[in-house]
Amino acid sequence: MALELDRKASTVAGGMLLWVEKTGAAPDEAGGSRMQFSYEVRAGEHVYRGTDLYAGVGVDVPASRMVGVLAGFLSDAGERYRSGMCPPDDAYPEWVYEQAYLNEDELAMASFELEEPEVFTGRSGEEEGPWASVVFLQGEDADAALSILEERGPVSTIAHLAQWDFGDETVQAAAANGYVYETPPAGTWDREFLSGPYHLSWNHSLGHVSLIRSIAGAAEATAPSERARRLGSASPTMAAGVGSPRIDARTESLSR
């Protein structure tokens, strides 16, 4: 649990203590300003302090939420340490990467619970499948959509991503590539939102967002393939070739 005192918040994630304090507004390169936070990461006798934690431009978020953002960054650092992708001159000292790796699950849970405290929706019995993938974005490609999600919410994000829904053409391409599912695919730590025929899932910490559409009553050719059935409970997969976008405009909502 985080302890929020308006400007300060902290949480324990396994053997790590994370602490964040709001320090004020800092100018942005685009001419605006963004809220800056200082932070501490503690593990045993080790202490690391930083000031490079920022909210989005013009966004004032509580310190407790930024603890979740910090936990997400550290969870990602732990994953990089595990995969051997941690250069010695990277953002944190080596012990931070090692501790993040040892406490990766707890950090991911803290990020999930704190970064987006409002739960928009859950699964319901009214969902109708099968579902066809419209688009899946990750990394820099997902920045614009995640920024819209942060600033305007899931409904606006669905409207943004639905521009790559080309109706029957999208369904046919999804079926041809094995991206039709009996149930909406989402990872363990993904957030989900259901609106009309669309199901949106996202994960700020891992930097991905996915939009799928219900195709209940569609032609037999769009029935889930054996591969899709095996992937039914997995993380979102890359959308089929038709209309799959690459968003080059980078709009960061929360950055370190």
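Which residues of the largest nonpolar core touch the most other members? Keep that in mind as you open the structure, which is a predicted model.

**Stop 1: the largest core**

Select Leu18, Val20, Phe37, Val41 and Leu74: these touch the most other members of the largest nonpolar core, which has 30 residues. Now colour the elements that each give two or more residues to this core: strands E1 (8–13), E2 (16–27), E3 (33–43) and E4 (46–57), plus helices H1 (63–82), H2 (94–102) and H3 (104–114). H1 supplies the largest share, with 8 residues. If you're wondering about the general idea, nonpolar side chains in soluble globular proteins tend to be buried together.

Next, click on Leu74 and show what surrounds it. Skipping neighbours within four places in sequence, Leu74 is in contact with Met16, Leu18, Val41, Tyr92, Val96, Ala100 and Leu107. There's also a second, separate core to look for: it has 17 residues, among them Val134, Trp164, Tyr198 and Val209.

**Stop 2: H2 meets H3**

Stay with H2 and H3 for a moment. Their axes come within 4 Å and cross at roughly 80°, which makes H2 roughly perpendicular to H3. To see the contact, select Ala100, Tyr101 and Leu102 on H2, then Glu104, Glu106 and Leu107 on H3. Sorted by class, that's 4 nonpolar residues, no polar ones and 2 charged.

**Stop 3: H4 meets H5**

Move along to helix H4 (residues 143–152) and helix H5 (residues 154–161). Here the packing angle is about 150°, and the axes are 7 Å apart. Angles over 145 degrees count as roughly antiparallel, so H4 is roughly antiparallel to H5. Turn the view and you'll see H4 pass H5 in a right-handed crossing.

Who makes the contact? From H4, pick Ala145, Ile148, Leu149 and Arg152; from H5, pick Pro154, Ser156, Thr157, His160 and Leu161. This contact of H4 with H5 has 5 nonpolar, 3 polar and 1 charged residues.

**Stop 4: a glycine in a loop**

Last stop: find Gly207, in the loop between strand E8 (198–203) and strand E9 (208–214). Is Gly207 buried or exposed? Its relative accessibility is 12%, so Gly207 counts as buried, the cut-off being under 20%.

Show its surroundings, again leaving out neighbours within four places in sequence: Gly207 is in contact with Leu137, Gln138, Gly139, Ala142 and Leu146.

Terms used
Residues are numbered from 1 along each chain as its sequence is written. This is a predicted model: local features need pLDDT of at least 70, side-chain atom pairs count only at pLDDT 80 or more; totals for chains, interfaces and linings use all residues. Side-chain values use heavy atoms; hydrogens and water are left out. Axes are lines fitted to C-alpha atoms, for helices over the stretch in contact, and angles run from 0 to 180 degrees between N-to-C directions. Angles under 35 degrees count as roughly parallel, over 145 as roughly antiparallel, 65 to 115 as roughly perpendicular and the rest as oblique. A crossing is left-handed if the near helix is turned anticlockwise from the far one by less than a right angle, and right-handed if clockwise. Contact means heavy atoms within 4.5 Å. Ala, Val, Leu, Ile, Met, Phe, Trp, Tyr, Cys and Pro count as nonpolar, Asp, Glu, Lys and Arg as charged, and the others, Gly among them, as polar. A nonpolar core is a set of buried Ala, Val, Leu, Ile, Met, Phe, Trp, Tyr and Cys residues joined through side-chain atoms within 4.5 Å. Buried means under 20% relative accessible area, exposed over 50%, partly exposed in between (1.4 Å probe, protein chains only).
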